[in-house]
Every structure is written in structure tokens, then in C-alpha cells.
Amino acid sequence: MFSSNDHLFMARALRLAERGLYTTTPNPRVGCVIVRDGEVVGEGWHERAGGPHAEVRALEVAGERSKSATVYVSLEPCSHHGRTPPCADALIEARVARVVAAMQDPNPKVAGAGLARLRTAGIQTECGLLEEQARELNIGFVSRMQRGRPWLRGKTAASLDGRTALRNGVSQWITGSQARGDGHHWRARSCAVVTGIGTIRHDDPQLTVRHTETSRQPVRVVVDRNLELPLSARILEGGNVLVATAVEHAERALMLAQAGAEVLVLPDESGKVNLPRLMQELGRREMNEVLVESGNRLTGALLRAGLVDELIVYLAPHLLGDTARGMFDLQELVSLDQRIDLTVCDIRRIGEDLRIVARVRN
């Protein structure tokens, strides 16, 4: 169905889309290549929400050479008016001959309508070329469109025997500087970073992106059951903070608001923060990818609730022993059938440490 040249040009479109890895949220990352007579005459990528889409940028470069050309785009062209006009209409106006999309847009406002509009205009359309790679690039956007909640990654650093901190809570630093720098890449691509009040007490982190070049910072979310976040906490510096709590406390909420934080009261039946509701709320706020950087209790609770999609585990060449703290606070298992199964997607060495990326099998 697809030629070797089709694969080559779509691969280029996907590489272009990756340039928006840290900037397009809440929009998907999209790249576009326009080819005429075997020659690339235009290309572009979506940089940020409200800016021109990839197809529009590529058409601007191609100009009149886009007539009768083939367009390779990593996501189905949009057919609805959002912050910008429909890309399908721009392609029709440019009189392209063929449009190849890597995948259908999961947005219900599009979901095949963009390709259908092109076909109605007499443009040849094909879909599904390098679809898996395209889906991986926008896995958070797909999650939000299909499940109403973001793609949730849990990041942790541990010794080789799976310990994240000493018994007394000391944890800085288990891994080396290169692994810590790599962690900032995951922060940079995330719409939000979630932590717990315990981590704030022990480490007082900023949770900002510092070792990866980016034009934006993720929202920082603190799960704080009793609304105890100190006003002196470094995470409040610069604002852009959400505090999820289980209690109503108007005076504390006002003080935190003055410090740049918004308080969300989301109690569950047991008086803890309702984590599924929190994820739904982050989805409602158009957050695609969320990174959890917390202690073993919060990450364990998210795992038990079935909310974690992926784990990023950095293993350092140290042994801390059985008295040190484990990676995840999970309930005691009485049968191996109760275990949480993972699929290992990637293992690589980062400096002196190992990085394992694994997905939870649902």
C-alpha cells in the first residue's frame, strides 16, 4: 500500500513533529512534509497552541508548488474551527493531490471528518502509515481524548535493591547527575508534575525544568490531604501550582491563593484525596501527559487505583538494604495473581545508572 518513499517522507514528518515535544500542549505534536515529483517542496511543524498548524506552515513554504503534490502529515488534518481555521480546508484550497496521514485524530471533533472532507473534494487520502510511532508521540493527547484523563507516568530513583531512601528519609542523591538531568526531559514534556506533601516536607523540591531547554514550565500539583503545605515551600515560587486536598479550609486556601496556588477540594469516601477525580480534573484542564515525582505512598496509591500508565525507574549501582524504603507502598499480596504486571519498553544506561521504562498492563 505504501512505498519506501512514503515511509521516508512520513518518518521525516514525525521527526518534525518531535520538535514540538515541549511546547504544543494542549495540542498534539504534528509534523508535515509536502512532496512534488519526488522532491520536498515544503515542511513544517506545530510549535504551540494558537500558532499555525503543521500543514499551514508547510503550505506557506511550498506556495504554488503544493498544487498536485502529496502531503505527509503525522496526524489527520483538522476539520473544525478551533484557535485556527481547519487545515483540511487549507489543503483543499492549495489543490494538493494526495494526503497521507499517520493516524486518525482521536479528537471527537475530527475523528475521520478531516480525511472525509478531503475525499469529498477529490483528494486521494490514505491513513495508517507509521501509526504506532505517531500514536506514541501523542500518547497523552490520545489518552485525554479517549479516556478523559492524561497519560500518567510515575518516575522514581532507586538503588539496585529497589530502595528509594534510607529509613530516616534521606534520599538525595541516589542516582548520578546524568540520570537526574534526564529526568528533566520527562518534566519538560509533561503538562503537570505531581508530588505529595511528604516529599515537600522531606525534600522541599521546586519541580521545575532546569536542565532541559524549554519555553514553558509544567503546572505543579501537590496532593495534600490536610492542606498543610507550608507557605515557605519552594514549590510555590513562581506560582502555577495546584493543591489537591480533602478538607475545606477557607483561611488556608486564601493564603495559598495569595502565594500563587489554587486549591482543589476533592475528598473521597475515606477522607483522602480522590485520585481518580484529580486525574479527571487534570484532563478537563487539557493536560495530556502528567509526571508523578513523589514518595512511595502516593505512587503506590496511584498504582493501586489503576491510574499509572507508565513507570520510569532509574536504578543506581548501590545497595541500601532491607531497612531502607521501597519504591511503592502497595498492599500485601497473598497470591501472585494480585501482582501488577509490566511490559518493559526500554532499558538504557544513563551515566552510571540504568533507566527502565515499563508500562502497566491493564
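Thr-208 is buried, because its relative accessible area is 15% and buried means under 20%. This residue belongs to a predicted model, and its place is in the loop that runs between helix H8 (197-203) and strand E9 (219-223).

**Around Thr-208**
- The side chain of Thr-208 joins that of Arg-210 through a polar contact of 2.9 Å.
- Leaving aside neighbours within four places in sequence, Thr-208 is in contact with His-184, Arg-187, Gln-217 and Arg-220.

**Helix H7**
- Helix H7 covers residues 177-189, and its 13 residues should span 18 Å at 1.5 Å a residue.
- The C-alpha atoms at its ends are 19 Å apart, which agrees with that expectation.

**Helix H10 and its ends**
- Helix H10 takes in residues 275-284, and its buried residues are Leu-275, Leu-278, Met-279, Glu-281, Leu-282 and Gly-283.
- An α-helix has 3.6 residues a turn, so residues three or four places apart point the same way.
- Just after H10 comes Glu-286, with a positive phi of about 65 degrees.

**Glu-126 in strand E5**
- Glu-126 sits in strand E5, which is made up of residues 124-127.
- Is Glu-126 buried or exposed? With a relative accessible area of 11%, Glu-126 is buried, since the cut-off for buried is under 20%.
- The side chains of Glu-126 and Arg-98 make a polar contact (2.6 Å).
- Not counting residues up to four places away in sequence, Glu-126 touches Met-1, Phe-2, Arg-98, Val-99, Val-100 and Ala-101.
- Leu-115 is 11 residues from Glu-126 along the chain, and the C-alpha atoms of the two are separated by 8.3 Å.

**Arg-36 in strand E1**
- Arg-36 lies in strand E1 (residues 31-36).
- Arg-36 counts as partly exposed because its relative accessibility is 32%, between the cut-offs of 20% and 50%.
- Once residues up to four places away in sequence are set aside, Arg-36 touches Val-41, Glu-64, Arg-65, Lys-67 and Ala-69.
- With Lys-67, a polar atom of the Arg-36 side chain lies 3.4 Å from the backbone oxygen.
- Ala-316 is 280 residues from Arg-36 along the chain, and their C-alpha atoms are separated by 51 Å.

**The cavity**
- How many cavities of 30 Å³ or more does a search of the whole structure find? The search finds one.
- The volume of the largest cavity is about 80 Å³.
- The largest cavity is lined by 18 residues, and the closest to its centre are Thr-24, Asn-27, Arg-29, Asn-288 and Glu-289.
- Helix H6 (residues 139-147) gives the most to this lining, with three residues.
- Sorted by class, the lining has seven nonpolar, seven polar and four charged residues.

Conventions: Residues are numbered from 1 along each chain as its sequence is written. This is a predicted model: local features need pLDDT of at least 70, side-chain atom pairs count only at pLDDT 80 or more; totals for chains, interfaces and linings use all residues. Side-chain values use heavy atoms; hydrogens and water are left out. Helices (H or I, at least four residues) and strands (E, at least two) are DSSP runs, numbered from the N terminus. The expected span of a helix is 1.5 Å times one less than its number of residues. On a 1 Å grid over the protein atoms alone, a cavity is a set of points where a 1.4 Å probe fits but cannot get out, and a pocket is an open set with protein on both sides within 12 Å along at least five of seven lines; lining residues have an atom within 4 Å of a point. Grid points are joined across faces, edges and corners, and a volume is the space filled by probe spheres set on the points. Ala, Val, Leu, Ile, Met, Phe, Trp, Tyr, Cys and Pro count as nonpolar, Asp, Glu, Lys and Arg as charged, and the others, Gly among them, as polar. Buried means under 20% relative accessible area, exposed over 50%, partly exposed in between (1.4 Å probe, protein chains only). Contact means heavy atoms within 4.5 Å. A polar contact is a pair of N or O atoms within 3.5 Å; within protein, one must be able to donate a hydrogen and the other to accept it, and residues adjacent in sequence count only if both atoms are side-chain atoms.
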